[in-house]
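The paragraphs below lead through one structure, beginning with a single side chain and its surroundings. Please keep the sequence and the 3D view open while reading.

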Amino acid sequence: MPLARRTFLSALAGTTGAAVACSGSSADGAPTSESPAVKAARRLLPGHWKQLTFTTAGPADAFRISGRRGRIEIAGPNPAVHLTGLRHYLKHTAHANITWAGSQLDLPDRLPGLDEPVTGSANAPHRFVLNDTNDGYTGAYHDWSYWEREIDVLALHGYNEVLVYVGADALYHRVFQEFGYSDKEMREWIPSPAHQPWWLLQNMSSFPHPVSRQLLHERAVLGGRITNRLRELGMTPVLPGYFGTVPPGFAAKNPGAKTVPQGDWVGFARPDWLDPRTEHFERVAAAFYRSQDELFGASTMYKMDLLHEGGKSGDVPVPDAAKAVEKALKAAHPGAIWVILGWQSNPPKAIVDAVDKSKMLVVDGLSDRFPKITDRESDWNDTPYTFGSIWNFGGHTTLGANTPDWAALYEKWRTKEGSKQRGIALMPEAADNNPAAFELFSELAWRTGDLNLTAWFADWSVSRYGAADPHAAEAWDVLRRTAYGTTRADQWSEGADGLFGARPDLAAKSAAAWSPKAMRYEPADFEPALTELLSVRRSLRQSSAYRRDLLDVARQALSNRSRVLLPQIKEAYDDRDDALFDRLTRTWLGLMDLLDKLVATDSRHLLGRWVADARSWGADATEREHLAYDQLSLLTVWGTRAGADAGLRDYANREWAGLVGGLYRLRWETYFKELRTALDQDRKPKAIDWFAIEDGWIRDPGPLATRPTGDTYEIALQVRDRLAARR
């Protein structure tokens, strides 16, 4: 660790810095002489890792697998590619599966050998992963044990560029104290961790509570461990670059500085933008990159999004701003790549035409979203880009993705004459979901030729559960044709969210304001997948992979019914049919109770676990309450009343235990009672202050379970039977 980094962290926390000094040691106790790939294999395959040998050989981004029973050798240029080869072996030879949402490792005592060597190679240099919003919607309060596993899984799936925002708060806290700001002023400006991604995008600041010195220290330590591990494996940490965000009053504290007000973003005041053409910008950028190097080490890729989602350039010419931002990056890191998000109208040609295109990479968030997107070379004047997907927004638990578009477009765009496509960018707004989509999209960069989705999903059903099973194969074929059979023809890349999570309204079409307003496939066509999964033979039902898939499918089937049932409730209300209204609303609340019971069987679907993670970072009782509010507000009202009313409420809705049975049920029960009273009294329903109810619940949600309860299979049977009775 650089001395300056150790000194800063020690001073920040008021400690000796020992916690940071040991951050490079092996958490699993493996000897330090073991290679990073061996250490990862030990973590991933504790009963079989000794049967694996990794050798450093071969061209970049290529692996070779060989060996006999019990002695498997994987060759590649670095540990990350070794692990990518390991995943190929596990899937295609051992019929095992490791993803970020369930795994299956029912392996024989001795690993199976290969009849002949197998090789594989990447078809593109850039395999980028994680959205700017990841640290918010996936979880801002994960610890090292989570990140260690996540990095291993990303390496297994062939990714070599990982966005890392953890610790950026400590970086800004340090930098701007060089420009006249106090420790207190900076800690009041920096948002709590769950909301920091949007601060880094220059959308907001100062919400909901000031951060503590201890929190900044711990996040800096974690960010250092993440970046160190990525480098050990041969992966690139993609770090935030500096493009001009400043705290309030920068010009007053720094005479002669020029800042541009950025206005509002969905109910929040945006931070000011420092004119990149100025000497003050050069000084701040130099301090930023110097401090960043000391804290986290240097990288070769930096993420920056000028004028994101409505940012204002004022009287600053955009090309000049882009050139100045690029100049500052090059001064600190010659040869570094500027990574920028392809989103809405960004990046405009005014930016890409002003910079060295060979050192810019657009990670496209809209490749599988709009059918009008057909020629990114023209859109960005031959700037290199990656084919990207955002299959969920806000971390919705919705199952599915536009896989036919991936099959039709990725290889076509990659191989066309003059193509500037240089890889993939996996960017769901929250990770750790949709495991089939995760694996399929990851493989795009490691294969060539036509992609047969029918065959792919059939193969997936074998490796996912450990052996061929006709019911598993049929279940996944149903899913291929429904949830995973949608396309961008309707201008969406995610599935419709469920209505149980919507603010109550008989005319509700979605829970999140910016989500599909109708199902993108027929719900009735989806439900047979549940029956088929329940019929998979008992010996293949023991893995976390099977349990996760069964939960996902049962949950989705229940969620889909909300879109069938709500119009029926509305019709009964409009017809003033009291008896039918009562029966249907009881059914609605009963389905919500069953849904909450189902998702309570899985630890990753527990709201209580998420909140407990946040509380664990607090230095005292007050901070623990603040961090819990940070987490819960993001999933519900998102921010202020103004922001909620502007559309942010329930943007991050999800079907989790404690949320479905807590806030969501409270809202619908309150609403139905008011509608019923209005029918009895022959009057219009009274307006309900939903924000007051939501904010009150956030502050006191009551007991939230942190451990799963119940049996997923048994409750999935109940779901099947309940849905069958309602047909």
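A polar atom of the side chain of Asp305 lies 2.7 Å from the backbone nitrogen of Leu341. This is a polar contact, that is, a pair of N or O atoms within 3.5 Å; within protein, one must be able to donate a hydrogen and the other to accept it, and residues adjacent in sequence count only if both atoms are side-chain atoms. The model is predicted: local features need pLDDT of at least 70 and side-chain atom pairs count only at pLDDT 80 or more, while totals for chains, interfaces and linings use all residues. Residues are numbered from 1 along each chain as its sequence is written, and side-chain values use heavy atoms, with hydrogens and water left out.

Asp305 belongs to the loop between β15 (301-303) and α13 (318-332). Helices (H or I, at least four residues) and strands (E, at least two) are DSSP runs, numbered from the N terminus. With a relative accessible area of 4%, Asp305 is buried. Here buried means under 20% relative accessible area, exposed over 50%, and partly exposed in between (1.4 Å probe, protein chains only). Leaving aside residues up to four places away in sequence, Asp305 touches Asp132, Leu201, Phe243, Ile340 and Leu341; contact means heavy atoms within 4.5 Å.

Another aspartate, Asp620, sits in the loop between α24 (607-615) and α25 (621-635). Is Asp620 buried or partly exposed? Its relative accessible area is 41%, so Asp620 is partly exposed. The side chain of Asp620 reaches the backbone nitrogen of Glu623 at 2.8 Å. From Asp620 to Glu655 there are 35 residues in sequence and 30 Å in space, C-alpha to C-alpha.

Now consider a helix. Helix α19 covers residues 470-481, 12 residues in all, and reaches 17 Å from its first C-alpha to its last, close to the 16 Å expected at 1.5 Å a residue. The expected span is 1.5 Å times one less than the number of residues. Within α19, the residues Ala472, Ala475, Trp476, Asp477, Val478, Leu479 and Arg480 are buried. Their cover includes α17 (435-443), α18 (453-465), α20 (523-526), α21 (528-534) and α22 (544-574). An α-helix has 3.6 residues a turn, so residues three or four places apart point the same way.

Strands come next. Strand β2 (residues 62-68) pairs with strand β6 (residues 118-121) in the antiparallel sense over 4 bridges, where two strands count as paired if DSSP finds at least two bridges between them. Thr119 in β6 is the bridge partner of Arg64. β2 also pairs with strand β3 (residues 71-76), in the antiparallel sense over 5 bridges. There Arg68 stands opposite Arg71 in β3. The hairpin of β2 and β3 has 2 residues between the strands, and Gly70 takes a positive phi near 85° in this hairpin.

Some backbone details lie in loops. Gln202 has a positive phi of about 70° although it is not a glycine. Gln202 is in the loop between α9 and α10 and is buried, with a relative accessible area of 1%. Pro208 also has its place in the loop between α9 (196-200) and α10 (213-233), and a cis peptide bond with omega of about -10° joins Phe207 to Pro208. A cis peptide bond also joins Asn346 and Pro347, with omega of about -10°; Pro347 is in the loop between β16 (337-342) and α14 (349-352). Arg576, not a glycine either, has a positive phi of about 60°. Its loop runs between α22 and α23 (578-599), and Arg576 is partly exposed at a relative accessible area of 42%.

Finally, the chain as a whole. Its secondary structure comes to 29 helices and 19 strands. The radius of gyration is 26 Å, close to the 27 Å that the globule rule gives for 727 residues, so the chain is as compact as a globular protein of that length. This radius is taken over C-alpha atoms, and the globule rule is 2.2 Å times the number of residues to the power 0.38. The C-alpha trace spans about 75 × 70 × 55 Å along its principal axes. Of the 727 residues, 63% are buried. Among contacts between residues at least 6 apart in sequence, 75% join residues at least 24 apart.
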